[in-house]
Amino acid sequence: MTDYHIAQINIGRMLAPLTDPVMADFMNNLDPINALAEAADGFVWRLQTDDGDATALRPFDDDWLIVNMSLWEDIDSLFEYTYKGDHVAFVRRRTEWFSKLGSHHLALWWVAAGTLPTVDDAKVRLDHMDKHGPTPFAFTFKQRFSPEEMEAYVAGHVE
């Protein structure tokens, strides 16, 4: 079997433009939070412009949606960063800056080591989550699947 890394996408519909005072605390902490991710054990890559800014990207038809995508060596490293370090305070404050979506805002999936996830692939994973819930193709921290389960699912051999 090929070695895999875990990819994640999370999206948020902003309550106000990034320059609005409502978004100020989010924007003021974005660089330090991204620096924490990049220094974290298991971090591989994150989606960003050449200037290091992911908030400038608008890959969805909704200009109010911003995206965060990253790649990690394993799911435990991503979980540790997300929920056990300084980042968790910002996860808890999500509703201060983002509205509740009527669809999934997070998807995890396995990517062959040495390749980077694409935004189009991430969109497919979020759409799959909306239609089917967590499966080995796209899942959450609460309902995890292994790379082997993903391979079987994709091949159509789910038991």
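Tyrosine 83 is partly exposed, with a relative accessible area of 33% (partly exposed falls between buried, under 20%, and exposed, over 50%, using a 1.4 Å probe and protein chains only). This is a predicted model, where local features need pLDDT of at least 70, side-chain atom pairs count only at pLDDT 80 or more, and totals for chains, interfaces and linings use all residues. Residues are numbered from 1 along each chain as its sequence is written, and side-chain values use heavy atoms, leaving out hydrogens and water.

**Aromatic pairs**

- Searching the whole structure turns up 10 aromatic pairs (Phe, Tyr or Trp rings, the six-membered one for Trp, with centres within 6.5 Å; planes under 30 degrees apart are stacked, over 60 edge-to-face, the rest tilted).
- Phenylalanine 43 and tryptophan 72 have ring centres 5.4 Å apart and planes at 85 degrees, so they pair edge-to-face.
- That pair ties together parts 29 residues apart in sequence, because phenylalanine 43 is in strand S2 (residues 43-46) and tryptophan 72 in strand S3 (residues 65-72) (strands are DSSP E runs of at least two residues, helices H or I runs of at least four, numbered from the N terminus).
- Both phenylalanine 43 and tryptophan 72 are buried.
- Tyrosine 83 also pairs edge-to-face, with phenylalanine 141, at 5.4 Å between centres and 80 degrees between planes.
- Here tyrosine 83 sits in helix H2 (residues 75-84) and phenylalanine 141 in the loop between helix H5 (119-132) and helix H6 (147-155), 58 residues apart.
- Phenylalanine 141 is buried, at 11% relative accessible area.
- Phe26, Phe90, Trp97 and Phe98 are joined into a cluster by ring pairs.

**Charges over rings**

- Arginine 94 puts its charged end over the ring of phenylalanine 98, 5.5 Å from the centre (the cut-offs: NZ of Lys or CZ of Arg within 6 Å of the ring centre and within 35 degrees of the ring normal).
- Arginine 125 lies over the face of phenylalanine 137, 3.7 Å from the ring centre.
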